Amino acid sequence: MQFDEVVLGRRSIRGYKPDPVPRALVKEVIALAMRSPSSMNTQPWNFYVITGEPLNRIRAGDTERMQAGAPQSREFRIGKPFEGKHRERQIGVAKQLFSAMGIARDDKDGRQDWVMRGFRQFDAPVCVIVTYDRVLHGSDDAPGDCGAVATALVNAAKSRGLGAVINSQGIMQSPVVREHAGIAEDQVIMKSIALGWPDFSFPANAVISERKPVDEAAVFVGFGEGG
Ligand SMILES: Cc1cc2nc3c(=O)[nH]c(=O)nc-3n(C[C@H](O)[C@H](O)[C@H](O)COP(=O)(O)O)c2cc1C
């Protein structure tokens, strides 16, 4: 696959076939992702690749805690709830997804089912938890490097015909993940990535999220007129 095909063709996949993903293929995808740049080549990232019974225990634990109204428990700062244009974009993609899934605005049960699906890692056969070395805690570089490797991982997955979605829902109850995945105490849990073979008949998988224009995001300095 050409680079443009991968980047432009990738989208978050939230519906999967039940077929297993071979360990060797996940390793190949992680090896590609690990070519990502990192601050001073520190490569602070690590990956816990979970499937089968341990993943089912995480799904069950997350579901139980979220349904019981347990507060979120993440290992990094999340800041304030989104406002203004960030909130608009958050609502924008949610509307696209609900519309694709035929979930109406007042369909509380449908919305709740959708949210719970996220806490089950979208029923994907594999979940990759990205962590970083705790000794680097306090630096913003390490979480940034995890973002870079996670993006590379979802693009590498796409290049191999796999689907993926980076998600916070999978690490909102980090103690559950830590327990069932056996995550070492010297690791900080950063991100969750659901991974598997895309179910192309699942409507939300067809959603193409919007992007703000480059001219809104990029400031060109010193180019001169038309440069
Ligand atoms: C750090 C991060 C956290 C995310 N958390 C979730 C999540 O909890 N649930 C979800 O459905 N999607 C989640 N996403 C996926 C985003 O909604 C998605 O990347 C964005 O809407 C752009 O869509 P695209 O990936 O299809 O291009 C997350 C993405 C990132 C990078």
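User: Are H3 and H7 roughly parallel or roughly antiparallel to each other?

Analyst: Two packed helices are described by the angle between their axes and the distance between the axes. In this predicted model, the axes of helix H3 (residues 52–67) and helix H7 (residues 174–181) come within 9 Å and cross at roughly 160°. Axes are lines fitted to C-alpha atoms, for helices over the stretch in contact; angles run from 0 to 180 degrees between N-to-C directions. H3 and H7 are therefore roughly antiparallel (over 145 degrees; under 35 is roughly parallel, 65 to 115 roughly perpendicular, the rest oblique).

User: Which residues make the contact of H3 with H7?

Analyst: Contact means heavy atoms within 4.5 Å. H3 brings Pro-54, Arg-57, Ile-58, Gly-61, Asp-62 and Arg-65. H7 brings Pro-175, Val-176, Val-177, His-180 and Ala-181. By class, six are nonpolar, two polar and three charged. Ala, Val, Leu, Ile, Met, Phe, Trp, Tyr, Cys and Pro count as nonpolar; Asp, Glu, Lys and Arg as charged; the others, Gly among them, as polar.

User: At what angle do H2 and H6 pack?

Analyst: Helix H2 (residues 23–33) and H6 pack at about 135°, with axes 8 Å apart. That angle makes H2 oblique to H6. Val-29, Ile-30, Leu-32 and Ala-33 of H2 take part in the contact. From H6 come Val-149, Ala-152, Leu-153, Ala-156, Ala-157 and Ser-159. The contact of H2 with H6 has nine nonpolar residues, one polar and no charged ones.

User: In what order do the strands of the sheet lie?

Analyst: Two strands pair if DSSP finds at least two bridges between them. Here four strands form an open sheet, E1-E2-E4-E3, with antiparallel pairing. Strand E1 (45–51) and strand E3 (163–167) are the edges, each pairing on one side only. Neighbouring strands are turned by 25° against each other on average, direction ignored. E2 (residues 126–133) and E4 (residues 187–196) pair over eight bridges. Val-128 stands opposite Ile-193 in E4.

User: Which helix lies across E1, E2, E3 and E4?

Analyst: Helix H6 (residues 141–159) does, running at about 15° to E4.

User: How many helices and strands are there?

Analyst: The protein has eight helices and four strands. Helices (H or I, at least four residues) and strands (E, at least two) are DSSP runs, numbered from the N terminus. The order is α-α-β-α-α-α-β-α-β-α-β-α.

User: What do the numbering and the values rest on?

Analyst: Residues are numbered from 1 along each chain as its sequence is written, and side-chain values use heavy atoms, leaving out hydrogens and water. Local features need pLDDT of at least 70, side-chain atom pairs count only at pLDDT 80 or more, and totals for chains, interfaces and linings use all residues.
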